[in-house]
Every structure is written in C-alpha cells, then in structure tokens.
Amino acid sequence: MAKKEKAQGNALVKKLLSSNLTWSAVALIVLIAICTISDPHFLELTWNKNTGGLAGPMITMLQESARYLMIATGMTLVISTAGIDLSVGSVMAVAGAASMQLLTSGVNVWVAIGLSLLIGLAVGSVNGALVSMLGLQPFITTLIMMLAGRGLAKVITSGQNTDAGSVAGGAPLKWMANGFILGIPANFVIALLIVAAVGLLCRKTAMGMMIESVGINQEASRMTGIKPKRILFLVYAISGVLAAIAGLFATASVMRVDVVKTGQDLEMYAILAVVIGGTSLLGGKFSLSGSALGAVIIAMIRKTIITLGIDSAATPAFFAIVVIVICIMQAPKIHNLANEMKRKRALKLQAKAVAA
C-alpha cells in the first residue's frame, strides 16, 4: 500500500512539473517576490473609502490585466485554429474611439457601448470572412486590418484624441474600468466572468473540440462533419468582440482615447500571453486557463518594470528576457533533461546502497 501511494505521489508530482500552468504560476510567484523584495509595501492592501474598494500595487496590476485577459482569450481561440489576429490592438482603438466620440455627441452610454461592441464584431467578422471564405492568409489579412483599423479610429475622431471625461452620462462606462465589486476591480471581475463563460462554451459543448480539430487538420475535420469555415469565422468574430471590450476598458479608465497609443503593441502581448499559457502556435489543443494566467503574468511583468524603476529604454529588453526565461522553464526538453538527471541520481544512490 505504501509503495502504491508513493507511486501515485510521484506520478502526481511528475504531472505537476510537466504542466505549463505550474511553471506559469511559479513565474508569477517569482515576479511577485522580486517586487516585494524591491518594495516591502508591494503586497499591502488598504481600503479606499472614495472608490469603495481595495487599493495597492497588486490591485492596480489586476486592473491593468483585465484588457490582457480579453485579447488573450480571443487570441487563444484564433491561434488554436492555426491562425493569428494582429488586429486586436487596432480594434481596441476603434472601439474606444467610437465610444468616446458617441458619448461626446450626446449618445446614451449603453448605446455607445453596444455600438462599440458591434464595431468590434464587424471588424472580427471581416477578418473571419476573408480567412474562411476567401482563404486568405490570417497573417496578411489581420495585418491589413491592423493598419485599416487604426486609420478608421482616426476617421471616427477626425484625427483628434477625444476626451469624454466631462460627459455626465458616461458614469457606467467609467465604473466598468475604475469601479469595484466587493472590493475587487470591476473590470477584472467582468473579464474573469467573460473568460469563464467562453471556457464553459468551449468545454461544455462541442465547440472546443471542433476548434481544436480545425487547428490540427481542416480537411480531416471536414470529413468528420465539422464545417471549418464556420469555425474560423466564429473565432475571429469572438476575437473582435473581446478586443472591443478590452478597448472599452483601456479608454474608460481615463475616459479618453489616444488613436495612436490605445492598444499599441497589445497584439504582441496577447500572443505572448497565449504562448506562456502553453497553447501551440501551430494550432490544435488550447488552454484558456493557461492564457488567462499568461495575461496576468504580462501585467505583472509590466508592474515589475515600474517597481524596479527600469529605464524606459531598457524596458523591451527586460520584458523579452523575462518572457524567454518563462518559456524555457516550460520547454519539454528542459523537463525531460531534469527527469533524466533525477533518474541518474536515483540510480547512483541505488548503486551506492547495493555496494554498501
């Protein structure tokens, strides 16, 4: 019985050590530890009576991670079909620009939010139609949409950085980005609920299996009765809507849209979050929980950069080094090497015991 329990324990440890989620969690803990060493007050939480929620560096990090959670979730679904969506940053700018412009024009805030989400859906649907129906390469299609989307944002705002901070009716939108639910940032809670809803849709229905099947082999999935074109269209449409939500989070935090900087480079962060989460860029099996953790890690890396006071010129290099280290930690070859070293050590100890 003892040997059986020991074998089960070893199998569990081996499974945990081979999981990307485990090493992602370790990376997150290490980053938090580094920030805590640099700033002993990093983990401190206080209650802010003015906002009605918790305050502290970790809370700020969670607020920022909400937008990454949205684009990483959409990007995960797209990448799992062996595609890519480089337009998410521009969709954020378009959705943010539309919401701010509509609010300043006197449109009801809920109508503004709805129309912004519809714009995100429209852009995502165009991507999906071009990729699924016309067979265009996802990289080229979304690259073009990335450029077109940024131009559309400028058209909507006439090239200006629209400020809706003084609009009285914009309170609900501002609350989405800066409010709190039971002391936790509202945008983070909303983002988690959306990620959970997408996860349930993928894992409690056949949708997730069909997405993975299309990513592995479109022709084989078609022969089993799956319609790859519909799946491809669907994942790009979902990505567009989630990017629009991220755009609302980003612009509503200051109630202002910068048509150049809003969503800038976030498509790269989304891809990095997906890779950190363990989803292969070649398509197939995906992990929404891994991508969600990867999104939080991306936000934590940015917070670490600020906490350590790293010069802005060195920020990209530091970011890249951290991501590379995390990816190395998750590499199967590294895990196999560690297991082989452990096996050889066990054999040596066994040989010494026999010799004694």
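In this predicted model, the side chains of Glu212 and Arg203 come together in a salt bridge, with a nitrogen-to-oxygen separation of 3.3 Å. Glu212 is buried, at 15% relative accessibility, whereas Arg203 is partly exposed, with a relative accessible area of 44%. Side chains of opposite charge can pair when their charged atoms come close. The count of salt bridges comes to three, and the other pairs are set out below by topic.

**A pair between two helices**

- Glu64 is joined to Arg302 by a salt bridge in which the closest N and O atoms are 2.7 Å apart.
- Because Glu64 belongs to helix α3 (residues 57-79) and Arg302 to helix α13 (residues 288-308), this pair ties together parts that are 238 residues apart in sequence.
- Glu64 has a relative accessibility of 19% and therefore counts as buried, the cut-off for that class being under 20%.

- Glu219 and Arg222 form a salt bridge through their side chains, with an N to O separation of 2.5 Å.
- Both of these residues, Glu219 and Arg222, lie in helix α10 (residues 218-223), where they are three residues apart, or about one turn of the helix.
- Glu219 counts as partly exposed at 45% relative accessibility, and Arg222 likewise counts as partly exposed, at 39% relative accessibility.

Terms used: Residues are numbered from 1 along each chain as its sequence is written. This is a predicted model: local features need pLDDT of at least 70, side-chain atom pairs count only at pLDDT 80 or more; totals for chains, interfaces and linings use all residues. Side-chain values use heavy atoms; hydrogens and water are left out. A salt bridge is a side-chain nitrogen of Lys or Arg within 4 Å of a carboxyl oxygen of Asp or Glu. Helices (H or I, at least four residues) and strands (E, at least two) are DSSP runs, numbered from the N terminus. Buried means under 20% relative accessible area, exposed over 50%, partly exposed in between (1.4 Å probe, protein chains only).
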